[in-house]
Amino acid sequence: MKYEVFATYDQMCRRAANLISAQIILKEDAVVGLATGSTPLGIYNTLADWYAKSDLDFSRVRTVNLDEYCGLPFEDPQSYHYFMQTNLFSKINIKPSNTHLPNGLAPDIREECKRYDALINSLGGIDIQLLGIGHNGHIGFNEPSDTFSKDTTHIRLTEDTIRANSRFFKSPSDVPRSALTMGMRSIMCSRKIILVANGKEKEEIIHQAMEGPITPRLPASILQLHPDTTVLFTIE
């Protein structure tokens, strides 16, 4: 595991964008795993800027997102479909048919989870996966539990996660109580992982996840077992 500390958020985002762009340059049809939330925004802005300067071509890239809320229409400003379209996909030349997220509106959630795992397998797995980390150590929406969830699953969000995400909604009561999230199998089978964390408030959970015991009570700790994980952290 590699660990890099940056003085500023912009420096961290540029480093993460460099790692992702290098993968795309090496493999034009790379499968890129994407995350949502506030931390990746600077990374996506950097990638879009490099595309605008003709430094990157996304025409053959395939993407898979970690998660999606249950019950939100795709056009809802708080849905992750909307987030990705607004903050990245609309700014680059990626084909809509090459972008994939779980469907939180699927009539059969269990079948949707199976479909999403089969989709990732059909793409040949993930070449590079971008991750954030929650204050409770979750990655994607894999919340602290008694066991690691292997496959894409329907997750009941913890009160900590609901409270943390409520800043994006009018009130905590508007935050969906469940989500679909990629399981640890697909994440850990990614050929390369980038974990990004911004700010000193994440310092302790990063320390616990990267140096403490490996336990499903702190889901990100499983990354200690991955052969090619890079942790990018800013103390800004």
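Ser-54 counts as exposed, because its relative accessibility of 65% lies over the 50% that the term requires. In this predicted model, the residue belongs to the loop between α2 (41-52) and β3 (62-65), and although Ser-54 is not a glycine, it has a positive phi of about 65 degrees.

**Aromatic pairs**

A search of the whole structure finds 5 aromatic pairs. One of them is formed by Tyr-69 and Tyr-80, whose rings are tilted, with 4.9 Å centre to centre and 35 degrees between the planes. This pair links distant parts of the chain, since Tyr-69 sits in strand β4 (residues 67-69) and Tyr-80 in helix α3 (residues 80-87), 11 residues apart. Tyr-80 also forms an aromatic pair with Phe-141, and here the arrangement is stacked, with 6.2 Å centre to centre and 20 degrees between the planes. Again distant parts of the chain are linked: Tyr-80 is in helix α3, while Phe-141 is in the loop between β6 (128-131) and β7 (153-156), 61 residues apart. Ring pairs join Tyr-69, Tyr-80, Phe-141 and Phe-169 into a cluster.

Why do Tyr-69, Tyr-80 and Phe-141 count as buried? The term applies under 20% relative accessible area, and Tyr-69 has a relative accessibility of 1%, Tyr-80 one of 10% and Phe-141 one of 3%. The table sets these residues beside others whose accessibility is discussed in this report.

| Residue | Relative accessibility | Class |
|---|---|---|
| Tyr-69 | 1% | buried |
| Phe-141 | 3% | buried |
| Tyr-80 | 10% | buried |
| Asn-165 | 11% | buried |
| Cys-70 | 14% | buried |
| Tyr-3 | 42% | partly exposed |
| Ser-54 | 65% | exposed |

**The open sheet and its surroundings**

Strand β4, which holds Tyr-69, is also part of an open sheet, in which 3 strands follow the order β4-β8-β7 with antiparallel pairing. The edge strands are β4 and β7, each of which pairs on one side only. On average, and with direction ignored, neighbouring strands of this sheet are turned by 25 degrees against each other. Between β7 and strand β8 (residues 178-181), which run antiparallel, there are 4 bridges, and Ile-155 has Ala-179 in β8 as its bridge partner.

Cys-70 is placed in the loop between β4 and α3 and is buried, with a relative accessible area of 14%. Along the chain, Cys-70 and Arg-156 are 86 residues apart, whereas their C-alpha atoms are separated by 9.9 Å. Asn-165 and Met-1 are 164 residues apart in sequence, and the distance between them in space is 29 Å, C-alpha to C-alpha.

**Strand β6 and its partners**

Strand β6 pairs in the parallel sense with strand β2 (residues 31-34) over 2 bridges, and the bridge partner of Val-32 in β6 is Ile-128. A further parallel pairing involves strand β9 (residues 192-198), which 4 bridges join to β6. Within that pairing, Leu-131 stands opposite Leu-195 in β9.

**A nonpolar surface patch**

On the surface, Tyr-3, Val-5 and Ile-235 form a nonpolar patch, and together they have about 280 Å² of accessible area. Tyr-3 is located in strand β1 (residues 2-6). With a relative accessible area of 42%, Tyr-3 is partly exposed, because this value falls between the 20% under which a residue is buried and the 50% over which a residue is exposed.

Conventions:
Residues numbered from 1 in each chain as written. Predicted model: local features only at pLDDT ≥ 70, side-chain atom pairs only at ≥ 80, totals over all residues. Heavy atoms only, no water. Phe/Tyr/Trp six-rings, centres within 6.5 Å; stacked < 30°, edge-to-face > 60°. Buried < 20%, exposed > 50% of the residue type's maximum accessible area, 1.4 Å probe, protein only. Patch = residues over 30% accessible without salt bridge, like charges linked within 9 Å, V, L, I, M, F, W, Y side chains within 5 Å. Areas by Shrake-Rupley, 256 points an atom, 1.4 Å probe, with all protein chains shown as cover. Salt bridge = Lys/Arg side-chain N within 4 Å of Asp/Glu carboxyl O. Pairing = 2+ DSSP bridges. Axes fitted to C-alpha atoms, helices over the stretch in contact; angles between N-to-C directions.
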